[in-house]
Protein chains: 2
Amino acid sequence: MPNLNSAATGTIPSATATDTDTTPSSNNGASDKDPSPAKEPLRAKVGLRPKATTILDVAARASVSHQTVSRVLNDHPAVAPATRSRVLAAMRDLDYRPNAAARHLAGRRGHTVGVLVYGVSYFGPTQMLASVEQAARARGYSVTVIFVHNLTVQGIEEGVRALRAGRVDGIIMITPLHQVEASRHHEILDDVPYVLVDAEPMPDRAVVAIDQFAGGRAAAQHIALLGHRRIAVLRGPDEWYDATSRYQGTISLLAQRRLLPVLTLSGDWTAASGYQVTCDALAQGAAFTALIAANDQMAVGAMRAIQETGKVVPTDVSVIGFDDLPESAYFNPPLTTVRQDFRALGAASLERLIDLIETPQQNPPSSVLVPTLMVRSSTAAPPKE
Amino acid sequence: MPNLNSAATGTIPSATATDTDTTPSSNNGASDKDPSPAKEPLRAKVGLRPKATTILDVAARASVSHQTVSRVLNDHPAVAPATRSRVLAAMRDLDYRPNAAARHLAGRRGHTVGVLVYGVSYFGPTQMLASVEQAARARGYSVTVIFVHNLTVQGIEEGVRALRAGRVDGIIMITPLHQVEASRHHEILDDVPYVLVDAEPMPDRAVVAIDQFAGGRAAAQHIALLGHRRIAVLRGPDEWYDATSRYQGTISLLAQRRLLPVLTLSGDWTAASGYQVTCDALAQGAAFTALIAANDQMAVGAMRAIQETGKVVPTDVSVIGFDDLPESAYFNPPLTTVRQDFRALGAASLERLIDLIETPQQNPPSSVLVPTLMVRSSTAAPPKE
DNA sequence: AGCTGTGGTCCGTCGTCAGAT
DNA sequence: GATCTGACGACGGACCACAGC
């Protein structure tokens with residue numbers, strides 16, 4: 001028997017009942033395409049509190065108990081199909097939206113993942129964040145983000161603390177620290193499921209990464225095959241796993257061909273740093289026919305520095321980068337680079353995290369994506385001597 | 001609000017689960033061993049869930065009532081300083097973290113702001129997002145982000161819906177649509193406080209923007225003052241407020257000097273589009289000595305196209321952009337551009353939103369930041385004829 | 001009067017458990 | 001025996017009224 005239905009929302013003492021019709025502006029008489037008005041909730045805009053439609057309103061509308069509504073919400077098996085669809089219809093009619101906070105409090109999960117990001121100005125982290133969000137939304141999760149401003153254990157710890165205060169179900173760490181530092185994550189993160197992105201694969205940790213070592217090899221191989229022998233390497237910051245891993249890959253391939261970098265420079269990922277260190281090196285008379293930069297921004301800076309000395313890329317010096325920014329194909333000259341699929345990486349990390357959250361006690365293998373070489377016009381055979 | 005950042009790090013705080021010694025059977029005399037009897041809220045006997053430290057634990061530790069703890073948490077005035085610090089100490093000792101979900105449910109606010117972002121690949125939105133987050137954290141709010149993948153009313157509506165489902169206290173819209181479209185936001189957003197970022201200033205709406213019109217004028221003025229008369233303009237997408245506003249500013253200044261663009265092109269912000277349309281124009285024999293691009297990426301593409309025809313920037317053609325990417329100073333040649341302070345914009349928008357949330361019923365004036373011209377090497381006087 | 005404790009309700013949802021059909 | 005209902009107690013905290021020292 002349907003109990004007190006009627007004005008499911010009728011509370012709100014005073015308030016304007018239904019008189020809001022003739023207001024001068026706004027209006028917009030047509031109400032979308034829904035021909036069945038049914039029970040228009042229609043918040044009073046004067047009222048202070050939004051007064052949400054709850055599970056009880058839905059129950060009343062569908063003439064079921066709130067418990068049944070709850071079951072529908074949670075995909076409980078014991079609900080007759082007919083009832084289920086009645087409930088769903090009621091939810092639609094009332095524009096019901098479950099209260100995330102209440103669910104979170106009562107149930108165990110909040111359907112929220114936290115993402116810790118370092119490096120806003122860099123292309124990769126941003127792309128990953130976006131694809132994580134996209135994937136999360138598809139899975140019914142929302143994303144809380146924290147940008148870490150200094151890549152230290154302390155800075156990360158602070159960010160994690162903030163995320164945990166928000167009670168996220170799990171955390172994705174786009175903070176490419178090294179194993180040593182990363183091992184400390186475990187203490188901080190305690191019992192929260194987490195995934196390390198683009199970090200060093202470690203046993204007992206969920207890591208999703210791009211094979212930077214292979215990338216470093218690919219870049220070096222490309223340069224070596226062109227015939228270069230006087231090769232400079234421009235590294236990224238030592239604290240970054242990506243940076244050292246790429247470097248090692250590069251060195252590894254060169255060694256295999258009995259080559260050694262004639263020069264090793266080190267920047268902070270920015271074009272400014274690439275420019276600066278390359279300028280310095282050139283000023284000191286460094287001679288190289290190819291430069292392997294750890295990312296595209298530094299490559300740009302390096303090219304600029306080289307060009308300022310009157311040399312031509314790639315005729316005099318070849319330059320190769322990493323990442324493949326959307327602009328990289330349009331630099332002058334278009335930049336040869338090693339492309340990373342950041343979006344795939346982000347999506348994969350989210351899937352891994354959801355696995356951890358929803359199927360606890362597992363130990364998923366770290367997964368690794370392979371980067372691809374994009375040959376453009378900033379590399380060529382070395383000049384004849 | 002009290003500072004909950006604990007530096008405690010004591011090993012495993014919060015009542016380790018008594019670590020049942022060896023034999024699980026017998027013993028356990030059931031003799032109440034709890035030194036602080038107080039209230040024992042009857043935890044689940046089957047230890048499935050993690051059990052959190054609550055306000056009650058803190059109260060017990062500080063020998064005060066839960067009410068007092070609550071007062072401390074909410075900055076209620078009527079708490080003696082001595083008591084307050086005792087409570088704070090207790091919170092620190094216990095590594096207490098307020099349960100966001102519970103606060104949200106009980107109180108009205110969840111201390112969460114939603115950010116709707118369009119344009120991941122673009123520099124500006126990302127920067128703004130990061131600075132919003134930073135500012136939010138400083139104010140005790142966390143940030144939930146949604147990336148919109150197609151800039152239509154529908155796409156935005158979808159994003160807003162997702163944010164509202166997460167029960168955010170307010171929304172920052174980094175979705176630079178035009179007034180026409182933006183007016184629809186009001187329906188969608190209903191009663192949620194929101195701020196439009198980098199959108200057209202409108203009465204009755206909170207808007208925080210950069211004065212793109214002024215930026216457009218600045219760019220045009222720079223070009224005009226160099227003596228150019230055959231000027232091409234490369235616009236951004238029409239749907240973007242930034243794009244049209246910059247364009248209008250440019251036109252406005254040119255008109256003032258009795259000039260008209262000899263050519264108007266239109267791209268989608270990407271370097272690829274800038275390259276493409278410029279190539280096409282040049283192939284058709286377009287002749288111009290300067291090009292005003294609506295952003296730096298398109299400027300890069302345009303420069304590339306120009307350079308491929310054998311012309312030199314800026315000797316033959318000057319190019320100016322907008323934004324000032326971190327790389328822009330290192331392009332070949334270094335790009336003259338109009339710089340926008342995205343970080344300031346983000347921070348300002350957050351402050352505005354918090355105002356709206358915490359002091360409802362106000363109508364804050366839209367605030368506007370002014371961009372600055374950065375003169376570098378991609379612009380020069382036109383070639384002598 | 002200035003501080004603190006007691007006792008209570010409420011927020012919206014999830015679980016459980018005994019019954020009803 | 002499937003499918004539901006109704007009642008009640010968590011969950012962790014906000015906020016209110018009132019009383020007490």
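Biologist: How far is a polar side-chain atom of A:Gln67 from a base oxygen of DNA strand C?

Modeller: A word on the source: this is a predicted model, in which local features need pLDDT of at least 70 and side-chain atom pairs count only at pLDDT 80 or more, while totals for chains, interfaces and linings use all residues. Side-chain values use heavy atoms, leaving out hydrogens and water, residues are numbered from 1 along each chain as its sequence is written, and chains are lettered from A and ligands numbered from 1 in the order in which they are written. A polar contact is a pair of N or O atoms within 3.5 Å; within protein, one must be able to donate a hydrogen and the other to accept it, and residues adjacent in sequence count only if both atoms are side-chain atoms. For A:Gln67 and that base oxygen of DNA strand C, the distance is 2.5 Å.

Biologist: And which residue of chain B has a side-chain N or O atom 3.0 Å from a base oxygen of DNA strand C?

Modeller: Chain A also reaches the phosphates, with a polar side-chain atom of A:Arg103 lying 3.2 Å from a phosphate oxygen of DNA strand C. The base oxygen you ask about is 3.0 Å from the side chain of B:Arg71.

Biologist: Which elements give two or more residues to the surface near DNA strand C?

Modeller: Helices here are DSSP runs of H or I, at least four residues, and strands are runs of E, at least two, numbered from the N terminus. Both chains supply that surface, through H2 and H4 of chain A together with H2 and H4 of chain B.

Biologist: How many residues surround DNA strand C?

Modeller: A residue is near a strand if one of its heavy atoms lies within 4 Å of it. The closest to DNA strand C are A:Gln67, A:Tyr96, B:Thr68, B:Ala80 and B:Thr83, and the total is 27 residues. Of the DNA strand C atoms that come within 4 Å of the protein, sugar and phosphate account for 59%. So much for the atoms; the count you wanted, by contrast, is 27.

Biologist: Over on DNA strand D, which residue's side chain comes 2.8 Å from a phosphate oxygen?

Modeller: DNA strand D is surrounded by 31 residues, and the closest are A:Thr68, A:Ala80, A:Thr83, B:Gln67 and B:Tyr96. Its atoms within 4 Å of the protein are 65% sugar or phosphate, the rest belonging to bases. The side chain of B:Ser70 has an N or O atom 3.3 Å from a phosphate oxygen, while the 2.8 Å distance belongs to B:Arg103.

Biologist: How many charged residues does the surface near DNA strand D have?

Modeller: Ala, Val, Leu, Ile, Met, Phe, Trp, Tyr, Cys and Pro count as nonpolar, Asp, Glu, Lys and Arg as charged, and the others, Gly among them, as polar. On that basis the surface near DNA strand D has 15 nonpolar and 13 polar residues, and the charged ones number 3.

Biologist: On to the two protein chains: about what area is buried between chain B and chain A?

Modeller: With contact taken as heavy atoms within 4.5 Å, 56 residues of chain B touch 54 of chain A. Buried area is the accessible area (1.4 Å probe) that two parts lose on being put together, summed over both. Carbon and sulfur atoms give 59% of it, and the total is about 4800 Å².

Biologist: Which residue of chain B meets A:Glu158 in a salt bridge?

Modeller: The rule for a salt bridge is a side-chain nitrogen of Lys or Arg within 4 Å of a carboxyl oxygen of Asp or Glu. It finds 2 across this interface. In one of them, A:Glu158 sits 4.0 Å, N to O, from B:Arg137.

Biologist: Which residue in S2(B) is the bridge partner of A:Val145?

Modeller: Strands pair if DSSP finds at least two bridges between them. Strand S2 (residues 142-148) of chain A and S2(B) pair in the antiparallel sense over 2 bridges. For A:Val145, the partner is B:Val143.

Biologist: How many residues apart are A:Arg139 and A:Glu351?

Modeller: These two form a salt bridge, with the closest N and O atoms 2.9 Å apart. A:Arg139 is in the loop between helix H5 (123-138) and S2 of chain A, and A:Glu351 is in helix H12 (residues 342-358), so the pair links parts of the chain whose separation is 212 residues.

Conventions
Contact = heavy atoms within 4.5 Å.
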